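Subject: Structure handover

Hello,

Please find the structure below, followed by notes on what was found in it. Could you read the notes with the structure open beside them?

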Amino acid sequence: MAKTGLAVAALILIIMALICLMAGSTRLDFTRVFTPGSVESIVFMSVRLPRVLAAALAGLAFALSGLLLQVASGNDLASPNIIGVNSGSGFAVLLFLCFLPQHFLLLPFAAFAGAMAAAVLVFTISSLSTRLSSSSSLILAGVAVNALFNALISTLSSLKPEVMGSYSAFSVGGFASIQPSSLVAPAVIILISSVLCIAIAPVLDVIRLGDEIASSLGYRPRRVRMLLSMLASLMAGAAVSFAGLLGFVGLVTPHLANFLTGGGGRRTVVMCALSGPTLVLLSDLLARTVVAPGELPAGVFMAAIGVPFLVYLLTRRARHA
Amino acid sequence: MLEVRNLSVRAGKTLLLEDVSFTLNEGRICALLGANGSGKTSLIRALTSYYPHYQGSIMFSGQELRNSSKREKASLHALLPQDLPQVDIVVSSLFDDVEGGTGVLDGLGLSRLAGRRLISLSGGERELVFLALMLSRKASLYCLDEAEANLDPRGRRLVERSMERLKREGHMVLASFHDIPRALRFADDCLVLDHGRLVFSGSVGDFRESGLATSLFGLVERCFTSEDGQLVKLLLEACDEDVGKGGEA
């Protein structure tokens, strides 16, 4: 039953990717896609394929990052936004746009550095707390770091209002101007981290049961939570570097995977890894077709899909509570 | 055998346990007693590796707990914690990596819960699911932290039967209780904590004689004659006058 569910999810992802490759403002004759020098080949290889790969990689990274953070924090509402990874990344991007706009190709590395800096700050603050549980301290530290970076973003945008145009597209998230070269390093990070996530699925199950049970099974839960959060930040930072601050996918996808699989085990991690890319591809497809030939940020549709589903999950949980 | 010597545990500046020493033997149930905040949960946590930085020693058959590997720790102790996780997963998923799967649920007559989501269960049902999860593990010491707090009489009996089975199988059982008369009815030994210090360690009979039931918990022993002429001793909640008499009641 579980394997059937995963096979169906994989099939839906493949179909969605194919639709995204075919759909767009330029109608492609797919018989000519692999003809060197043809318009179809150029559009496919330099626009459609990088965009679909970017959307799929971002979906994979944010979804697994969200899952890791929800397990690590013991909080179902945790996501890269909550622990300040996204705002740290956003601040680094804004800083970069203010002071080094001529080195635009280095922007992804600034986003990644900001994400990691925020993560390190969150873990340092949360490790100072000995009275709170590790999950509570991580969330509280995340909220504090989030507030700090949002305040810095506001300050910088007030002092340098001219850069807000570039920043606003980044802050919503999307794939309109993906450069294939900007995908290579993040893709390597995301794919290796994803394999690692699937490999450590049994550890995630133990950590979900709380610090006391995890300790009794021989784990050092605080240390494991920190490592999971670092891995989550690494993945989210890698994705933010080319996709911007795409929200909701990291929050919604773990719940969707949990809902579809019953929760726990490797099947939930794999379902998360399949559902995240599907959701982001769907958002991006809507973003570039609904107002074609114009385009909206994919983040707008991610929110449109994510919010109703999240409300449904919360009301469902409230009925159980 | 579990030998604890001069165990002290701190959380920040707070001293949770101070200079605690005792021994637990295989095939016996030990009741862990104490008022709220006396350190019962801290002691159970210390024995189940929750506090990696403790002072003193915790020796399982001569093996120091802090020097044990992850795999060894998992075979030394199993825990039913007081605060149970609220995880949104199907109950049977908890038993995915357990030898025999959900068979242990069936053995406790809880197979009806296997397909339910954990968050949809009542507090008592969740307690029994985690009791089954604890029993599914092979360990030397089984710790139950106020396992009966949320349970109805049938659930309490299930916990008692489980502890008695573990005892028969030669394991060590340490269980904390607030219902002291109930604990003393089926425990062999007891440990009593007060403000993080161990004030009693010994058999249940010695505890009854010690007068601590009255001085610490406000209980008095009363003798009754049953219908068939047998003398029955019961621990009852004392009134203020009884407490004033100390251990003489």
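**A covered helix in chain A**

The buried residues of α8(A) are covered by parts of chain A that include α2, α7 (184-199), α9 (211-216), α10 (221-243), α11 (249-261) and α12. Helices here are DSSP runs of H or I with at least four residues, strands are runs of E with at least two, and both are numbered from the N terminus. Buried means under 20% relative accessible area, exposed means over 50%, and partly exposed lies in between (1.4 Å probe, protein chains only).

Before going further, some ground rules. This is a predicted model, in which local features need pLDDT of at least 70 and side-chain atom pairs count only at pLDDT 80 or more, while totals for chains, interfaces and linings use all residues. Residues are numbered from 1 along each chain as its sequence is written, chains are lettered from A and ligands numbered from 1 in the order in which they are written, and side-chain values use heavy atoms, with hydrogens and water left out.

Back to α8(A), which spans residues 201-208 and is mostly covered, with 6 of its 8 residues buried. The buried ones are A201(A), L204(A), D205(A), V206(A), I207(A) and R208(A). After the helix comes G210(A), which has a positive phi near 100 degrees.

**Elsewhere in chain A**

S79(A) sits in the loop that runs between α2 (39-73) and α3 (85-99) of chain A. It counts as buried because its relative accessible area is 4%. Apart from neighbours within four places in sequence, S79(A) has contacts with L69(A), G250(A) and L251(A), where contact means heavy atoms within 4.5 Å.

On the surface, a nonpolar patch is formed by L11(A), I14(A), I15(A), L18(A), I19(A), M22(A) and F30(A), and together they have about 630 Å² of accessible area. One of these residues, I14(A), is placed in helix α1 (residues 2-22) of chain A. Patches consist of residues with over 30% relative accessible area and no salt bridge, with like charges joined within 9 Å and nonpolar side chains (Val, Leu, Ile, Met, Phe, Trp, Tyr) within 5 Å. The areas come from the Shrake-Rupley method with a 1.4 Å probe, and for residues only the protein chains shown count as cover.

**Salt bridges**

In chain A, R288(A) and D284(A) form one at 3.5 Å, N to O. Both belong to helix α12 (residues 265-289) and lie 4 residues apart, about one turn of the helix.

In chain B, the side chains of R28(B) and D189(B) meet at 2.7 Å, N to O, in a salt bridge. This pair links distant parts of the chain, 161 residues apart: R28(B) is in strand β3 (residues 28-34) and D189(B) in strand β9 (residues 189-194). R28(B) counts as partly exposed because its relative accessibility is 32%, whereas D189(B), at 15%, counts as buried.

E146(B) and K40(B) form another salt bridge, with their closest N and O atoms 3.9 Å apart. E146(B) lies in the loop between β7 (141-145) and α5 (153-168) of chain B and K40(B) in helix α1 (residues 40-47), so the pair ties together parts 106 residues apart in sequence. Both residues are buried.

There is also a network of salt bridges in chain B, linking E148(B), R157(B), E160(B), E164(B) and R182(B).

**Two sheets in chain B**

An open sheet of 4 strands has the order β2-β1-β4-β5 (chain B), with antiparallel pairing. Its edge strands, each pairing on one side only, are β2 (14-24) and β5 (63-64) of chain B. Strands pair if DSSP finds at least two bridges between them. Strand β1 (residues 2-11) of chain B pairs with β2(B) over 7 bridges in the antiparallel sense, and E3(B) stands opposite T23(B) in β2(B).

Another open sheet, of 6 strands with mixed pairing, runs β6-β7-β8-β3-β9-β10 (chain B). Here the edge strands are β6 (77-80) and β10 (197-203) of chain B. β7(B) and strand β8 (residues 172-176) of chain B run parallel and are joined by 5 bridges. L141(B) stands opposite M172(B) in β8(B).

Regards

Definitions and conventions. Salt bridge = Lys/Arg side-chain N within 4 Å of Asp/Glu carboxyl O.
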